[in-house]
Amino acid sequence: MTEFTPKNAAFHGLLTEADAEALSCGSLAPAAAELALGEVADGVVVTDCHGRIRYSNPLASELSGNLVGLLPGQPLAGSLSLYDDGGEAIDLSLGSAEVAGNIPSRRELRGNIRREDGELLEVSVVIHSLREGVNLEGYVLVLRHTSEVRRISSRLSWQSSHDALTHLPNRQTFEHALQQLLSSDTGPRHHHILLYLDVYQFKVVNDTLGYSAGDALLIALAKILTRCLGKGDLLGRVGSDEFALLLKDCTLEEAKRIVTRLREAVNGFVFQWEDSETRPALSIGAVSVDSHAPPASQLLASANDACSAARDQGRNRVKFFGDSRKALEKRRESTWLAEIHAAIREDRLLLYRQPVVALQDKNRIHHYEVLVRMQGRDGDVISPGLFLPAAERYGIIDEVDRWVIRNIFRYMALEQSSGAAGFHYAINISGISLGDEYFADFVLGELTEAGVAPSRVQFEITETSAINNLDRALVFIHKLRAAGCSFALDDFGRGASSLAYLRQLPVDYLKIDGSFVRNMLEDEIDSAMVSTVDHLAKRMGISTIAEFAETPELLEKLRLMGVDYAQGFGIAAAACLPEISGPRPSSVS
């Protein structure tokens, strides 16, 4: 880790914006000088002869506690606060060309920087005067934390919270700052705008000119965007070619003017690389941030959706989230379509299970419900609520059903062959699969191939899907029940025609809809609904299962009411299938 010394001070001239070409032999190019200054373990600030900031390296911003940084053009005296041990402000007015003869070439101050979070850091500030002959050209200030350990710690802290390429806050830091803003803003007057910016055709630059060109383009764009920032605004790099910009205390009309300024600044930039010229553009998505806003991660996702919609319309477009919510939802679902196919092909679907216990038998596990999750490309587990609606909308939920059936049957076969307890499993069947005349034969074939006892298998169908496919549902139920499987009617009570069709559906279990169960301790009507459904089922010889049993008190009330079985967080959350010693069942695409 390099320290800044007086010998390095000569590099200040390389930071001027006048000429971006390589300098004469024996000197470094401006980009190389800036990279070197960005890696030193001291804060470095370069000003002109009037004390206006021309450059500050990342650690200078870290020492001041300012994520935005010490921006070019600002007076140093108003941007960096230095105090003596008595709390008195130390004057950082550096002098001017008129009194250049009285300014020493080097002087050192000791004091305390008051960071934005209120913390005081003890530092030494070495001020170098830079002259060209007798003319004063400017100053280089070296800010050094007096504790070596703290200096190194500050550097490591900065590296973990910032993007190494652009020196902007990284996604984690940006999201944290956004969430802090949401947590502190409780009044209705606070209103901010979140922008999500995508570099249009960045991949083309990478593919045709190389990754070095792509990196250089991002660095240049980061500088252009930074110059458009207002005081207190926050810019971060949140993806490979994506930036996020938080405009604090900003109305929608003000945001539109800022967006216009951003687009004009980027449109006026020509990126030159070797013999090639590229005119970059931005796709921008925007979302309002106020006291009713969702969490930071969801805000970023919404802004990203709006940005994607803007990108689909062509270069240099802007989309405000909410302009076409249905279009954004449709686009999100269509994206899941390809991801679901890939997850099946790459064996990234995961089987989970949640226990269903016998309330009248000391909460003994009766069977497990099989649930499906998806493993994202980054390793995160994706909730079914994010991808299953898209699978249903685009008619590929039957492919998910078939994958689940193949793999759970092979898991159950492993249980049998390993000598482990052969649990019973309930498998959800979609309406599309229920309406497929060949699906029953597929299930029977998989049962036979796996060698699983049909009595261990239960199928759950929703009353809505059963009613919509009544004839096919009856054929499916009769075929599988004849083989020895059992059936549960899921979400019972939610539909309007439940009682009219119940007599026609030969099911073994009724799963009482969780919307009634969850609030039955506080709501007498919900409690009466649960009791009525349970009483009706008993008269028909059908067992009942209560969903969303979330507390011990609720479980006890259900037991006293006579409900047979229950599942929910009050018993156990869904968990991944436990590993079984022996060969793992192969995945099937």
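A salt bridge is a side-chain nitrogen of Lys or Arg within 4 Å of a carboxyl oxygen of Asp or Glu. This is a predicted model: local features need pLDDT of at least 70, side-chain atom pairs count only at pLDDT 80 or more, and totals for chains, interfaces and linings use all residues. Residues are numbered from 1 along each chain as its sequence is written, and side-chain values use heavy atoms, with hydrogens and water left out.

The structure holds 25 salt bridges. One of them joins Glu253 to Lys256, with the closest N and O atoms 4.0 Å apart. The two residues sit 3 residues apart in helix H8 (residues 252-267), so about one helical turn separates them. Helices (H or I, at least four residues) and strands (E, at least two) are DSSP runs, numbered from the N terminus. Glu253 is partly exposed at 49% relative accessibility, and Lys256 is partly exposed at 37%. Here buried means under 20% relative accessible area, exposed over 50%, and partly exposed in between (1.4 Å probe, protein chains only).

Arg377 bridges to Glu339, the closest N and O atoms being 3.3 Å apart. Arg377 lies in the loop between strand S15 (364-375) and strand S16 (381-382), and Glu339 in helix H10 (residues 325-345), so this pair ties together parts that are 38 residues apart in sequence. Arg377 is exposed at 57%, whereas Glu339 is buried at 15%.

Now the strands. Two strands pair if DSSP finds at least two bridges between them. An open, antiparallel sheet of 6 strands runs in the order S2-S1-S6-S5-S4-S3. Strands S2 (53-56) and S3 (82-83) stand at the edges with a single partner strand each, so one side of each has no neighbour in the sheet. S3 pairs with strand S4 (residues 106-114) over 2 antiparallel bridges. Tyr83 has Asn112 of S4 as its bridge partner.

Which strand is largely enclosed by the rest of the structure? It is S9 (residues 242-247), because 6 of its 6 residues are buried. Both faces are covered: Glu242, Ala244 and Leu246 are buried on one side, and Phe243, Leu245 and Leu247 on the other. Strand S7 (residues 192-199) pairs with S9 in the antiparallel sense over 6 bridges. There, Asp198 stands opposite Glu242. Strand S8 (residues 234-237) also runs antiparallel to S9, over 4 bridges. Gly236 has Ala244 of S9 as its bridge partner. S8 and S9 form a hairpin, with 4 residues between them.
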